[in-house]
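The stops below go from a surface patch to the aromatic rings.

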Amino acid sequence: MLRTFLFTLLLAIVFFVAERYLAANWVHHHWKVLLLFFLSVSFLLHRLVEAGLQSNSERFITLYLAATVVRLILSFLFVGFFLYQNVTQRLLFVVTFLVLYICYTSFEIWGLNRNLRRDSK
């Protein structure tokens, strides 16, 4: 979980620098809310999978796939809520969200692959 927090901190620094010093038009002004959403969903799902593995470690694949589906559903609800609230620059919001979704998913797969490689030796 510490890696996810550090990854979020790195993304926050990148977004802050881009917004403050580069005057980037590709950064939606709700980027802080988006990062907070991804951090909290990652934390929640990490805790749920960890708690589920306490009783039976053989259910890892089932729990991980269920966590992925929950992340997808929560993401749809989150984006749907903001679009329903008439967020400004809708396309930019959705694109920023999708880029962060891909970043967090890639980071999670990288971390999982790294742990699986280490455990398979």
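A patch is made of residues with over 30% relative accessible area and no salt bridge, and nonpolar side chains are joined within 5 Å. The model is predicted.

Select Leu2, Phe5, Leu6, Leu9, Ile13, Phe16, Val17, Tyr21 and Leu22: together they make a nonpolar surface patch of about 930 Å². Keep Phe16, which belongs to helix α1 (residues 2–21). Its relative accessibility is 34%, so Phe16 counts as partly exposed.

Next come the rings. A pair of aromatic rings is described by the distance of the centres and the angle of the planes. There are 16 aromatic pairs by the rule that centres lie within 6.5 Å.

Select Phe37 and Phe97. Their ring centres are 6.0 Å apart and their planes meet at 40 degrees, so this pair is tilted. It links distant parts of the chain, with Phe37 in helix α2 (residues 31–55) and Phe97 in helix α4 (residues 90–119), 60 residues apart. Phe37 and Phe97 are both buried.

Move to Phe81 and Phe82, an edge-to-face pair with 5.8 Å centre to centre and 90 degrees between the planes. Which of the two is buried, and which is partly exposed? Phe82 has a relative accessible area of 14%, so Phe82 is buried. Phe81, at 46%, is partly exposed.

Finally, select Phe7, Phe37, Phe38, Phe78, Phe81, Phe82, Phe93, Phe97, Tyr101, Tyr104, Phe107 and Trp110, which ring pairs link into a cluster. The residues of both pairs visited above, Phe37 with Phe97 and Phe81 with Phe82, are among them.

Technical notes: Residues numbered from 1 in each chain as written. Predicted model: local features only at pLDDT ≥ 70, side-chain atom pairs only at ≥ 80, totals over all residues. Heavy atoms only, no water. Patch = residues over 30% accessible without salt bridge, like charges linked within 9 Å, V, L, I, M, F, W, Y side chains within 5 Å. Areas by Shrake-Rupley, 256 points an atom, 1.4 Å probe, with all protein chains shown as cover. Salt bridge = Lys/Arg side-chain N within 4 Å of Asp/Glu carboxyl O. Helix = DSSP H or I, 4+ residues; strand = E, 2+ residues; numbered from the N terminus. Buried < 20%, exposed > 50% of the residue type's maximum accessible area, 1.4 Å probe, protein only. Phe/Tyr/Trp six-rings, centres within 6.5 Å; stacked < 30°, edge-to-face > 60°.
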